[in-house]
Amino acid sequence: MRVQYDLKKSLFETVFLTELARGMMLTLKRLFSKPITRQYPDEKPPVALGFRGQHALVRDPRTGGSKCVACMRCATVCPSRCIHIRFHEEDGRRVVDSYDIEALRCVYCGYCEEVCPVNALVLTEVFDYCEYDRESLFFTKEDLLANWDRFLEDSGHREETYVNPFWRPRGLPESMLPAGKRLKVPDSWTEDGQVVGTRYRRS
């Protein structure tokens with residue numbers, strides 16, 4: 001490792017404090033340049049699509065409830081074990097009784113929404129949520145549905161057209177995806193859109 005030390009100051013630089021003058025010149029220069037700071041929370045930063053923020057359960061427009069089918073994939077794949085689901089069976093179908101997420105245990109890896117075959121779970125682009133107690137960050141099924149409603153209302157996204165990047169993993173051919181994940185996405189999300197170069201063979 002090479003260590004770069006400051007050069008030894010000359011007598012002139014020591015007596016007249018030239019470094020101080022250089023520092024003042026830099027301050028004066030920045031005084032008239034465009035500010036790069038943001039007045040948060042009055043000015044919200046733009047959040048990229050696919051940001052892994054607050055959890056939400058997607059509301060099924062036909063039933064008004066959750067789209068979850070209790071397949072348990074999200075709870076199984078979760079590395080921090082923060083998802084708890086209870087269900088019962090009716091006429092051969094699973095009905096969700098409770099769906100809870102401990103947000104303080106979540107590591108926001110996104111595995112849960114990626115593995116969900118019906119896109120029932122999403123990590124929304126909401127990042128500015130905080131509470132003063134732990135209980136408020138324990139999301140029940142009703143809380144998660146309310147998070148989805150609030151996300152749609154605040155973000156301006158339409159329920160019919162919103163697609164989270166984790167719902168449609170990039171680089172996979174459509175034939176390998178479950179029916180619920182075969183969504184209409186930009187070309188850059190598809191397998192062909194991911195390829196740069198000529199040595200490419202369609203799978």
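In this predicted model, ring pairs link Trp148, Phe151, Tyr162 and Trp167 into a cluster, where rings of Phe, Tyr and Trp (its six-membered ring) are taken to pair if their centres lie within 6.5 Å. Local features need pLDDT of at least 70, side-chain atom pairs count only at pLDDT 80 or more, and totals for chains, interfaces and linings use all residues. Residues are numbered from 1 along each chain as its sequence is written, and side-chain values use heavy atoms, with hydrogens and water left out.

The structure holds eight aromatic pairs. In one of them, the rings of Trp148 and Phe151 have their centres 5.9 Å apart and their planes at 40°, so this pair is tilted, given that planes under 30 degrees apart count as stacked, over 60 as edge-to-face and the rest as tilted. Trp148 and Phe151 are separated by about one helical turn, because they are three residues apart in helix H5 (residues 141-155); helices are DSSP runs of H or I with at least four residues, and strands are runs of E with at least two, numbered from the N terminus. Both Trp148 and Phe151 are buried, a term that means under 20% relative accessible area, with exposed over 50% and partly exposed in between (1.4 Å probe, protein chains only).

Phe151 is also among the residues in contact with Thr124 (heavy atoms within 4.5 Å) when neighbours within four places in sequence are left aside, the others being Phe51, Arg52, Gly53, Gln54 and Ala56. Thr124 lies in the loop between strand E4 (121-123) and E5, and counts as buried because its relative accessibility is 1%.
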